[in-house]
Amino acid sequence: MPNTQLKKPLLACLAALSALTFHAGAQEAPPPQEKGPAPKDAMLHALAVNYDNPYRAMDATEVKAVLDRVFAYLDASTPAQLVSKTNGTPIARLDKADPDAVLKPGDFRLTSYEWGVTYAGMLAAGAATGDARYTDYTVRRHRLLAELTRLYLPAVKADPANAQAPIKSFLNPHALDDAGALCMSFLKAENLGVGVDYSQMVDVCGSFVTQKEYRLKDGTLARGGPDGKGGVKMRPLPDTLWLDDMFMGVPTIALMGKHTGNAKHYDDAVNQVLQFSKRMFNPKLGIYMHGYVEGMKDHPEMHWARANGWAIMAMVEVLEVLPKSHKGYQAVEAQLRAHARGLASFQDKDGLWHQLIDRPDSYLETSASAIYAYALARAVNRGYLDKEMYGPMINLAWNAVAGKVNAKGEIEGICVGTGMAFDPAFYYYRPVSVRAAHGYGPVLLAGAEVIEMNRRYRFGLNDSGFMYQGQR
């Protein structure tokens, strides 16, 4: 028989075997070949294990049940409504700017940077679950903010110091916290075509992030610049980099590249990632320090978990819009992989990460763990990271985070807002609270991305270990 005829059935058999490799069910150790009575240690490997968190992949229905609790709580506790600050009566409609109108108080502010993340999380959850309630949550609040911007922006521009507005911190931003994450949510929603007029809001926040925020001489976003009175702001020291600002500013800068078509924003976003990383990334540990002061010779390295979350989240968001042909694309992707490897090495046995990542006697913290679950899952889904390595630890992280969502939909174990310090006590003793807004958006994002990951890939037990088992 000619060689070509022999090769065809052989190749067909090899292809069939390859297709079966990852699609078998749970595997166990092969049966012993010896005959006769089994020794007492024969089945010890199969003993039941009492894991603190589920040691398996949640299906989409289970993940959505967790997200639904969070949604129900947030929808009820963050009203999209105006009231009179004088007597608290509802204001159904405004025809002109009214200094007496304020947003009805809820558990969280609708214009905080944390809520920028929550708006993005609601959009992601809507896309992943097909449940329009999540998308509508963001659209309704964005529409209200757009209307308030239309009514109040002229007065705030005319008299920034004295004008009153329900969303003045956004209309007259003083820091990235006031504008960056909100702008990211507006640009993401605009890219989805949700039907809100974002033009005025993006003009406010986009111009602040890209043109007005203080920077070092090499263009790196920084705090502690001029105070406008001949002095310098102490935030907490002059020319200070906060790792948080990789997220507060850089995704918006990249999104502005897509929004405007101006490639200079892509260049800026890449430079921000690389310049923050040059100063603040510890390549031996694979994680970032929280704060850096330009001109200091030595820096105490406090590896605060949530700031590291903002950093890796910034990188996945930049890669989402950065053209693959951009000269800096591979450098950002390489930095993301280096950070992911470092974070993976510090995951706690039950799935979460510690408040100070490399100090296991600091408490386990929920918001950072949720951000890592989101960013790592997004990186797996986009092909930046290996699903075989990261998929199991992402599922473990999600299961642990899901366990922090109580019956009311509140999220427990979230570190409250945190400044920057050069000593460990500050981070060890930061309080936690279900009213810390920082964890809600990340949980929504993480759940949405885990749903997508587990739709693409199968994970299950193989000889008792939780493993990747192939494409679905």
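**Starting from helix 9**

Author: The buried residues of helix 9 are His 265, Tyr 266, Asp 268, Ala 269, Val 270, Gln 272, Val 273, Gln 275, Phe 276, Ser 277, Arg 279 and Met 280. Keep in mind that you're looking at a predicted model. Helix 9 covers residues 263–280, and you can check its length yourself: at 1.5 Å a residue, its 18 residues should span 26 Å, and its end C-alpha atoms are 26 Å apart, so the two agree. Now look at where helix 9 starts: a side-chain oxygen of Asn 262 comes to within 3.0 Å of the backbone nitrogen of Lys 264.

Next, the helices numbered on either side. Helix 8 (residues 245–260) packs with helix 10 at an angle of about 5°, and their axes are 8 Å apart. Angles under 35 degrees count as roughly parallel, so helix 8 is roughly parallel to helix 10. On the helix 8 side, the contact includes Met 246, Phe 247, Pro 251 and Leu 255, while helix 10 brings in residues including Trp 310, Met 313, Glu 317 and Val 321.

Helix 10 also turns up in the core. The largest nonpolar core has 153 residues, and within it Leu 74 and Trp 398 touch the most other members. Helix 10 (residues 305–321) supplies the largest share of this core, with twelve residues.

So who does Trp 398 touch? Setting aside residues up to four places away in sequence, it's Met 58, Val 63, Val 66, Leu 67, Val 443, Ala 446, Gly 447 and Val 450. Take Ala 446 from that list: you'll find it in helix 15 (residues 440–456). Ala 446 has a relative accessible area of 0%, so it counts as buried. Besides Trp 398, Ala 446 is in contact with Ala 370, Ala 373 and Tyr 374, again leaving aside neighbours within four places in sequence.

One last stop, in a loop: Thr 418 sits between helix 13 (387–402) and helix 14 (424–428). With a relative accessible area of 11%, Thr 418 is buried too. Its side chain reaches the backbone oxygen of Val 416 at 2.8 Å, and a polar contact of 3.5 Å links the side chains of Thr 418 and Arg 430. Among the other residues Thr 418 touches are Trp 242, Trp 304 and Arg 306.

Key. Residues are numbered from 1 along each chain as its sequence is written. This is a predicted model: local features need pLDDT of at least 70, side-chain atom pairs count only at pLDDT 80 or more; totals for chains, interfaces and linings use all residues. Side-chain values use heavy atoms; hydrogens and water are left out. A nonpolar core is a set of buried Ala, Val, Leu, Ile, Met, Phe, Trp, Tyr and Cys residues joined through side-chain atoms within 4.5 Å. Buried means under 20% relative accessible area, exposed over 50%, partly exposed in between (1.4 Å probe, protein chains only). Helices (H or I, at least four residues) and strands (E, at least two) are DSSP runs, numbered from the N terminus. Contact means heavy atoms within 4.5 Å. The expected span of a helix is 1.5 Å times one less than its number of residues. A polar contact is a pair of N or O atoms within 3.5 Å; within protein, one must be able to donate a hydrogen and the other to accept it, and residues adjacent in sequence count only if both atoms are side-chain atoms. Axes are lines fitted to C-alpha atoms, for helices over the stretch in contact, and angles run from 0 to 180 degrees between N-to-C directions. Angles under 35 degrees count as roughly parallel, over 145 as roughly antiparallel, 65 to 115 as roughly perpendicular and the rest as oblique.
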